[in-house]
Amino acid sequence: MSIIFDEKSKVFSIITRNTEYQIKINEIGVALHTYYGKKVAGQDMSYLYRELDRGFSGNPYELRNKRGVSADTLPQEYSTDGAGDYRVSALIVRLANGSGTADLRYRGHEIISGRENLKGLPYVRVEKDRVDTLKLILEDKTAGLLATLFYQVFEDKDIISRYTVIRNESGDVCSLNKAASACVDFMGKDLDLIHFHGRHAFERQPERKRVGHEVVRISSKRGTSSHHNNPFVILCDRNADEWQGESYGVMLMYSGEHAEEVEKDQAGTIRVVSGISDDHFSWKLGAGEEFVTPEVMLAYTDKGLSELSFLFHRIIRENVCPNEFRDKKRPVLMNNWEGTYFDFDDDKIMEIADSAREAGCEMLVLDDGWFGARNDDHAGLGDWVVNRDKVKKGMDAIADHVESLGMKFGLWFEPEMVNEDSDLFRAHPDWALTDPDRKPVMGRDQLVLDMSRPEVVDYLYESIAAVLNSAKISYVKWDFNRSLANVFSRGLPADRQGEVSHRFVLGSYALMERLRESFPDVMIEGCSGGGGRFDAGIMFYSPQIWCSDNTEAINRLRIQKGTTYGYPVSTIGSHVSASPNHQTGREVPLMTRAIVAMAGTFGYELDPRKLSADEKAMIREQIGTFNRYYDLIQRGKYLRLSDETDEEYYTSWGFVSEDKSEALLNLVVTDVRANPEVMYVRLHCLDPEAEYEVDNCISSSEKVPENDAGEKNRIVGQVFTGAALMNAGYAFDPMFGSYPAVQLHFKKI
Ligand code: DGJ
């Protein structure tokens, strides 16, 4: 059992393979968070809390003579507002009598084997794992509120997931003005915060700063998790780097408005609270009703940021993503978006399919523009019926043609959206989220459907299911192309409008779940103008997400690297697009574009009819290479091998199989130089005693390096010990030309 309760000391120890998390119930029943970190051999860690009298930090009534005990300085498992804790709260209420105080005390607990699955929200699935759950039941007798804190312990995976259920036992209606998923307090640590900010076409850029006494709030008010602030934060030692140092990860499994708040208090304790953002949130909780928060995953390691990434990669791949697609080889796709945009008909798509097949692609994805009156981005969203002016022979004819080529067929949808110029909006203007008496904010000339209304979810389910039933469709690209504004539902009364943004997310999840149940073999690729909804919530329904609308390989190096801190390569949708690139105009060699896209789910997004025979042959080879290393790339350990200083010159990354039998080392020179330095890149996670042979080399440069004919052959066949590759590194001779790239495969001999 990974959860131990000591009756005498009232300490809960949650123990995983390498970590320990402690909760202590103090003398008046407050649940204290006393420790999270490396195992501590049975020690009660509550000694870390020193009872020091701090002015203006009040005391609970029962302990009014013990001035060193204050809600304001105690490390809390679930902090509340109104009862003397002035730091960031997890729970803020307004009770029926107008009071804003919540004060939770221990009522009881249960330790169970396995876990309770969440209904309507994503959660960490129990697969082959041994999982135990602690249900810690806290109550506020005066308010009539119960908060049950759930801790799911994935012992072998070093992951604890948490969520909270608030139950109203007061007999009256109350309002939840904030109900976060988790609060964790760290005593005696000086930590850096790393969070992942971005923008459309430049997502998930790490930003690192020392945690100070101000409240830092990483959040989204956009209705979705957003391009701008991902719901994943890292807290780490000030000197932690990729390979050493204590690192904590907090990842919210939620696709809507979120907040991760971090603060250092007067005593130096660092608090992190993660959950639904309270910016637009207030929830009326009727007598006897419950509110369930989203789940959050917590991880700890003392071995640095890469090891932290490995923990999240593994749990997401094995326990979050739908298991139907976990071990199945996913097809290398050709998407027509950047190839044609809206300018296509069925003949053109079939020609594209023919050319894609010649180039070795395994799936053809028809993107935006096949439905309703959708000839540009001003009309048609919401009308999920095939546009027979463009798709004259019908969708089944396209799908049959693609299948006859031995490929799979996929289709684009943007379910949660509607254009004013659509039959759906003309019939149901009240189905869009708009304020009464006010013109709505437009985004890409479209409005957002009110997913809080069951009739909207039903309509979408029926119309999308009809299309999926009409042709052999194996894949759905699920897009979402604007931020929410005017979040007002015509289906809810005035005093429930604060529920709409969360109900919206629940409606989207309900639709995904129903479609997944009806079409379990159809793989959904999430998307939101690229990576605007790239989170572990969506991954519960969709094993891969289009990472960014920026398909330019050199920009992508940074976007993909930032994404890998939290998310596995198997979730990162990545394509080779045309050169010059449509977003930046930059020209990058085809092989470099492919090497970069291989650090993802891999596919192409261009008009294959414009490819020369040589280019098609090269693409066939690239697909062959990717497929050969598919398991290594999708399931191996992903290594970030260059740091910010190196990256002024080159970027390098790699993969090592779990059994250490093979590795893939990749490098792109982003700033070629005259008379340059040798690039020494140290690998990790190899077997130090073993010998590794380079048995394959692909490169954008004919000669690798440039100085000697036949040089490539010299690279293949080189042998190094794992120890040499890890301690001194592989020595890449300089490369020249436009963005040269190289990929080496090492095989243990
Ligand atoms: C945004 C997506 O990210 C693109 O890949 C493409 O599907 C367009 N939408 C289509 O409108």
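Begin by selecting domain 1 and domain 3 together: the area buried between them is about 480 Å², and carbon and sulfur atoms give 51% of it. Buried area here is the accessible area (1.4 Å probe) that two parts lose on being put together, summed over both. Next, pick out Glu242, Trp243 and Phe310, which supply 74% of the area that domain 1 buries against domain 3, more than any other three residues.

The model on display is predicted: local features need pLDDT of at least 70, side-chain atom pairs count only at pLDDT 80 or more, and totals for chains, interfaces and linings use all residues. Residues are numbered from 1 along each chain as its sequence is written, and side-chain values use heavy atoms, with hydrogens and water left out.

At their interface, 6 residues of domain 1 are in contact with 4 residues of domain 3, contact being heavy atoms within 4.5 Å.

Now select Arg640 and Glu242, whose side chains form a salt bridge at 2.7 Å, N to O. The term requires a side-chain nitrogen of Lys or Arg within 4 Å of a carboxyl oxygen of Asp or Glu. Across this interface the rule finds 1 salt bridge.

Which of the 13 residues around the ligand come nearest? They are Asp367, Asp368, Lys477, Asp479 and Asp549; a residue is counted as near if one of its heavy atoms lies within 4 Å.

- Asp549: an N or O atom of its side chain is 2.3 Å from a ligand oxygen atom.
- Asp367: a polar side-chain atom lies 2.6 Å from an oxygen atom of the ligand.
- Trp546: a side-chain N or O atom is 3.3 Å from a ligand oxygen atom.

Taken alone, the ligand exposes 290 Å², and the protein buries 98% of that; accessible areas come from the Shrake-Rupley method with a 1.4 Å probe.

Methods
Polar contact = N/O pair within 3.5 Å; in protein donor to acceptor, adjacent residues only side chain to side chain.
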